[in-house]
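Subject: Structure handover

Dear colleague,

I am passing on the structure below, followed by notes on what was found in it. Please read the notes alongside the coordinates.

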Amino acid sequence: MGVADKEWRIVFLGPPNSGKGTQAAVLSRRLAVPAISTGEMLRAAVAAGTSLGQKVEGVMRAGHLVSDELMAEVVRERLAQADSAGGFILDGYPRTASQAETLDGILADRGHRLDGVVFVDAPEAMLIARGLARGRKDDTEEILRERLRVYRDETSSLVDRYATLGVLSSIDGSQSIDQVSAAIFTALGVDGPGAGA
Ligand code: AMP
């Protein structure tokens with residue numbers, strides 16, 4: 001059985017600008033499952049001016065988290081779409097303990113479980129420098145630091161949660177994109193030829 005025949009359900013965890021979005025996209029091609037970025041979904045909603053977009057715009061600009069209730073709706077709806085029935089990679093969800101419980105519930109309802117949680121981390125100075133280099137509108141150093149603070153306060157404890165569950169792979173995100181991808185493939189046991197090879 002090739003890696004693309006398995007139903008992979010993976011979460012990417014890590015601070016802003018750790019490179020997890022890039023890596024989620026690489027792994028998505030490798031495993032032939034969709035990469036679902038809640039940040040991208042919300043940015044698209046803001047750009048399109050939908051009612052969701054109007055609700056979340058201010059919170060996002062401040063670098064804060066959208067409410068767990070709203071995110072539960074967004075993720076529930078997205079994971080109900082046909083393309084994620086055979087697996088998915090979540091990038092940017094869950095971000096709080098409550099969101100992790102919501103995800104557990106969604107999976108349990110279908111008799112599924114997470115196959116892995118990929119935790120990509122890098123030193124704080126590198127995260128800030130990458131964020132500034134990225135040059136996204138509104139991402140001042142102050143906002144980047146606020147996003148890191150929110151990550152530390154709300155999200156970082158999920159690392160312990162998933163480590164305890166035995167599904168965590170910790171990856172050094174300070175390496176080159178290709179090195180990080182290789183480390184992730186090794187951690188998940190998918191270094192052989194994949195769907196995108
Ligand atoms: P990201 O691109 O993942 O850094 O997400 C950009 C922004 O979208 C975050 O700073 C939050 O304001 C919002 N966001 C994305 N995912 C979530 C989530 N799981 N929970 C709450 N807010 C989120």
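The residues that line the second largest pocket divide into 4 nonpolar, 1 polar and 4 charged. Please bear in mind throughout that this is a predicted model.

Pocket. The lining of the second largest pocket consists of Met41, Leu52, Lys55, Leu70, Glu73, Val74, Glu77, Arg78 and Gln81. Its volume is about 180 Å³. Helix α4 (68–79) gives the largest share of this lining, 5 residues. Both α3 (51–61) and α4 supply at least two residues each.

Helix α7. This helix covers residues 141–155; at 1.5 Å a residue, its 15 residues should span 21 Å, and the end C-alpha atoms are 20 Å apart, which agrees. Ile143, Leu144, Leu148, Val150, Tyr151 and Thr155 are the buried residues of α7. Viewed down the helix axis, these buried residues fall within an arc of 160°, so they line one face of α7. Glu142 and Asp153, on the other side of the helix, are exposed. The partners against which the buried residues of α7 pack are β1 (9–13), α3, β4 (116–121), α6 (124–134) and α8 (157–164). Ala35 is located in β2 (residues 35–37) and, with a relative accessibility of 37%, counts as partly exposed. Apart from neighbours within four places in sequence, Ala35 is in contact with Ala24, Ala25, Ser28 and Ile89. Ile10 is 25 residues away from Ala35 along the chain, and the C-alpha atoms of the two are separated by 9.3 Å.

Backbone points to check. A few loop residues deserve a look.

- The peptide bond from Tyr93 to Pro94 is cis, with omega near 0°. Pro94 sits in the loop between β3 (88–91) and α5 (97–109).
- Asn17 has a positive phi, near 70°, and is a residue other than glycine. Asn17 belongs to the loop between β1 and α1 (20–31) and is buried, at a relative accessible area of 10%.
- Asp138, also a residue other than glycine, has a positive phi near 80°. The loop between α6 and α7 holds Asp138, which is partly exposed at a relative accessible area of 33%.

Regards

Technical notes: Residues numbered from 1 in each chain as written. Predicted model: local features only at pLDDT ≥ 70, side-chain atom pairs only at ≥ 80, totals over all residues. Heavy atoms only, no water. 1 Å grid on protein atoms, 1.4 Å probe; cavity = no way out; pocket = protein on both sides within 12 Å on 5 of 7 lines; lining within 4 Å. Points joined across faces, edges and corners; volume = space filled by probe spheres on them. Helix = DSSP H or I, 4+ residues; strand = E, 2+ residues; numbered from the N terminus. Nonpolar A, V, L, I, M, F, W, Y, C, P; charged D, E, K, R; others polar. Expected span 1.5 Å × (residues − 1). Buried < 20%, exposed > 50% of the residue type's maximum accessible area, 1.4 Å probe, protein only. Arc of directions from axis to C-beta. Contact = heavy atoms within 4.5 Å.
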